[in-house]
Amino acid sequence: MSSSTSEYDAVASDEKDKLDHASTTATTDLDTKVPDTPEIVPPDGGYGWVVTAAAFFAIFCSYGFLNSFGVYAEYYKNSAFPTTPSAVITLIGVLQVAFVSLAAPLASWLADCLNINLVVAVGGIIMCLGMVIASFASQIWMLLVFQGAMVGLGASMLVTLAITAPAQWFTTKRGLASGIAFAGNGFGGVAFSPIIRKLITAVGIGWAARISGILVAVIAVVSSLGIRRLFPPPPRGKVIDVAKFKDIRMIMFGLYSIFIWLDIGVAG
């Protein structure tokens, strides 16, 4: 009887030692676990103002430049393509603005995959190439493709990223920073229009388009140096998430955008 009791005690003692060892190991693993990455807090200023200034000039040379299309349209209607319907010439400007929105998912996806500075700089170069190629256009379809779609594609790579960048750096001043950045839209239109008009008078439509395109590229590349992300990009996903189009808010916004740009096209 005593022998059986001794064997039972030995087994119980052995099991207790195993449980103590497992408990000690678990405690050690918890103690040595790598702590979570600290939460990133926007500085609400600091380098955020540099990002805001860079975003201002990125929008200045993209959306602002698109606002000056009326100067080109006037020349095309009166001199270069006088027999072309006004609606067709207006379509060039409509394509520019349309591609800013249509290419926005692509621009965001590229920024997540690549460096945001690189995407902004490449956007300016694409705008420049579009204007340079359009400067040799002898038919209206070439303007639709290059000054319309291609320039709009490049502008989307600037506008999409420049609008969202400042907001990451601010909390209480987020509205002010975003407003300053988007003000580049109006300032760009006011600045580019008289410059392009004088260039057309001085050197002709071809060189006016080339010089304005180069000017856009220079401003875009310089502004790309100051744009930074505060938060790391999200995990890479699809370029276009089809499921989003089932959201009634997305559908309503899309319909609103279509009617807005149709109204602008008719007014033009």
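Student: How many helices and how many strands does the chain have?

Tutor: This is a predicted model, in which local features need pLDDT of at least 70, side-chain atom pairs count only at pLDDT 80 or more, and totals for chains, interfaces and linings use all residues. Residues are numbered from 1 along each chain as its sequence is written, and side-chain values use heavy atoms, with hydrogens and water left out. Helices (DSSP runs of H or I, at least four residues) and strands (DSSP runs of E, at least two) are numbered from the N terminus. The chain has eleven helices and zero strands.

Student: Which helix has the lowest confidence and which the highest?

Tutor: Confidence is given as pLDDT, the predictor's confidence in each residue, from 0 to 100. The chain averages a pLDDT of 81, and 73% of the residues score at least 70. The lowest mean, 49, belongs to helix 1 (residues 2-31), and the highest, 95, to helix 7 (residues 116-134).

Student: Over residues 25-35, how many contacts beyond four places in sequence does the model have?

Tutor: A contact means heavy atoms within 4.5 Å. Over residues 264-268 pLDDT stays under 50, and the model has four contacts beyond four places in sequence there. Residues 25-35 also stay under 50 in pLDDT.

Student: What percentage of the residues of the chain count as buried?

Tutor: Buried means under 20% relative accessible area, exposed means over 50%, and partly exposed lies in between (1.4 Å probe, protein chains only). The chain has 268 residues. The share of them that counts as buried is 38%.

Student: Against which helices do the buried residues of helix 2 pack?

Tutor: Helix 2 (residues 48-60) has 13 residues and reaches 18 Å from its first C-alpha to its last, close to the 18 Å expected at 1.5 Å a residue; the expected span is 1.5 Å times one less than the number of residues. Its buried residues include Val 51, Ala 55 and Phe 56. The buried residues of helix 2 pack against helix 3 (63-66), helix 8 (140-164), helix 9 (174-182) and helix 10 (184-224).

Student: Which residues touch the most other members of the largest nonpolar core?

Tutor: A nonpolar core is a set of buried Ala, Val, Leu, Ile, Met, Phe, Trp, Tyr and Cys residues joined through side-chain atoms within 4.5 Å. The largest one holds 57 residues, and helix 8 gives the most to this core, with twelve residues. The members that touch the most others are Phe 65, Tyr 72 and Tyr 76.

Student: Which residues is Tyr 76 in contact with, leaving aside its neighbours within four places in sequence?

Tutor: Tyr 76 is one of the buried residues of helix 4, along with Phe 69, Val 71, Tyr 72 and Ala 73. The buried residues of helix 4 pack against helix 3, helix 5 (86-102), helix 7, helix 8 and helix 10. Beyond those sequence neighbours, Tyr 76 is in contact with Phe 69, Phe 81, Pro 82, Ile 89, Ile 92, Leu 143, Gln 147 and Ile 205.

Student: Is Gly 124 buried or exposed?

Tutor: Gly 124 is found in helix 7. Leaving aside its neighbours within four places in sequence, Gly 124 is in contact with Leu 158, Val 216, Ala 217 and Ala 220. Its C-alpha atom is separated by 7.9 Å from that of Ile 219, 95 residues apart along the chain. With a relative accessible area of 0%, Gly 124 is buried.

Student: Arg 197 forms a salt bridge with which residue?

Tutor: A salt bridge is a side-chain nitrogen of Lys or Arg within 4 Å of a carboxyl oxygen of Asp or Glu. Arg 197, at 42% relative accessibility, counts as partly exposed. The N to O distance is 3.2 Å, and the partner is Glu 74.

Student: How many residues apart in sequence are the parts tied together by Asp 112 and Arg 229?

Tutor: The closest N and O atoms of this salt bridge are 2.9 Å apart. Asp 112 lies in helix 6 (residues 104-113) and Arg 229 in the loop between helix 10 and helix 11 (248-267), so the parts they tie together are separated in sequence by 117 residues.
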